[in-house]
Amino acid sequence: MKDRHFSHFHIAGFTYYDGIDVYKHLQIGTELRLEAEPTNSHDPNAVAIYYKQTMLGYVPSEYNSLISKFLQLGYTDIFEVKINQKNKEAYPEKQIRVVVRIAKK
């Protein structure tokens, strides 16, 4: 499969989590990790985004439903998530954009 693109978006809630603590390490191509949060009281489809052990924010709610289902079913290695845009001059919620692709097997 040549086109592995699944989704792309800015990280939701970036302002409220610990992204600022690791901002200098976040570069285009940096790998990130997704983690479903089915017990999240605000959204049972919530999917947190991590750089190593640091939470950066969430997959926006308009994109999280299908990703959450795959993760909750145990397909934790199905996605490859990387930073594809960084703009320190943008509003904090628009500083980091990620791309989600189907991982190569």
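Which pattern does the protein chain follow when read along the sequence?

1. Overall order of elements. The model is a predicted one. Read along the sequence, the protein chain follows the pattern β-α-β-β-β-α-β-β.

2. Dimensions. The C-alpha trace spans about 35 × 35 × 25 Å along its principal axes. The radius of gyration of the protein chain is 13 Å, and this agrees with a compact globule because a chain of 105 residues would then have a value near 13 Å.

3. Of the 105 residues in the protein chain, 46% are buried. Among contacts with a separation of 6 or more, 57% are made by residues 24 or more positions apart. The chain exposes about 6600 Å², of which carbon and sulfur atoms supply 51%. As for charge, there are 14 positive and 12 negative charges, and their mean positions lie 8 Å apart.

4. Strand 3 and its cover. Strand 3 comprises residues 47–51, and five of its five residues are buried. Both faces of the strand are covered. Val47, Ile49 and Tyr51 are buried on one side, while Ala48 and Tyr50 are buried on the other.

5. Partners of strand 3. Strand 2 (residues 31–36) pairs with strand 3 in the antiparallel sense over four bridges. Within this pairing, Ala36 has Val47 of strand 3 as its bridge partner. Strand 4 (residues 54–58) also runs antiparallel to strand 3, and four bridges join the two. Here the bridge partner of Ala48 is Tyr58 in strand 4.

6. The hairpin turn. Strand 3 and strand 4 form a hairpin with two residues between them. Lys52 lies in the loop between these strands. What is the phi of Lys52 near, and is the value positive or negative? Phi of Lys52 is near 55 degrees, a positive value in a residue other than glycine. Most residues other than glycine have a negative phi. Lys52 counts as exposed because its relative accessibility is 59%, and the cut-off for that class is over 50%.

7. Strand 2 pairs with strand 5 (residues 79–86) in the antiparallel sense over two bridges. Leu32 stands opposite Val81 of strand 5. Strand 5 in turn pairs with strand 6, again in the antiparallel sense, over seven bridges. Val81 stands opposite Val100 of strand 6, so that Val81 faces a residue in each of these two pairings.

8. Ser7 in strand 1. Ser7 is found in strand 1, which covers residues 5–10. Is Ser7 buried or exposed? With a relative accessibility of 7%, Ser7 counts as buried. Leaving out residues up to four places away in sequence, Ser7 touches Tyr63, Val98, Val99 and Val100. The C-alpha atoms of Ser7 and Lys69 are separated by 15 Å, and the two residues are 62 residues apart along the chain.

9. Gln72 in helix 2. Gln72 belongs to helix 2, which covers residues 61–72. Gln72 counts as partly exposed because its relative accessibility is 42%. Which residues does Gln72 contact, leaving aside its neighbours within four places in sequence? Gln72 is in contact with Ala36, Pro38 and Pro44. Ala36 is the residue whose bridge partner in strand 3 is Val47. Gln72 and Glu35 are 37 residues apart in sequence, and their C-alpha atoms are 8.9 Å apart in space.

10. Ala103 is placed in the segment after strand 6 (96–102). Ala103 counts as buried because its relative accessibility is 16%, where the cut-off is under 20%. Not counting residues up to four places away in sequence, Ala103 touches Arg4, Asp77, Ile78, Phe79 and Glu80. How many residues apart in sequence are Ala103 and Arg4? They are 99 residues apart in sequence, and their C-alpha atoms are 7.4 Å apart in space.

Technical notes: Residues are numbered from 1 along each chain as its sequence is written. This is a predicted model: local features need pLDDT of at least 70, side-chain atom pairs count only at pLDDT 80 or more; totals for chains, interfaces and linings use all residues. Side-chain values use heavy atoms; hydrogens and water are left out. The radius of gyration is taken over C-alpha atoms; the globule rule is 2.2 Å times the number of residues to the power 0.38. Buried means under 20% relative accessible area, exposed over 50%, partly exposed in between (1.4 Å probe, protein chains only). Contact means heavy atoms within 4.5 Å. Accessible areas come from the Shrake-Rupley method with a 1.4 Å probe; for residues, only the protein chains shown count as cover. Lys and Arg count as positive and Asp and Glu as negative; His and the chain ends are not counted. The place of a charge is taken as NZ of Lys, CZ of Arg, CG of Asp or CD of Glu. Two strands pair if DSSP finds at least two bridges between them.
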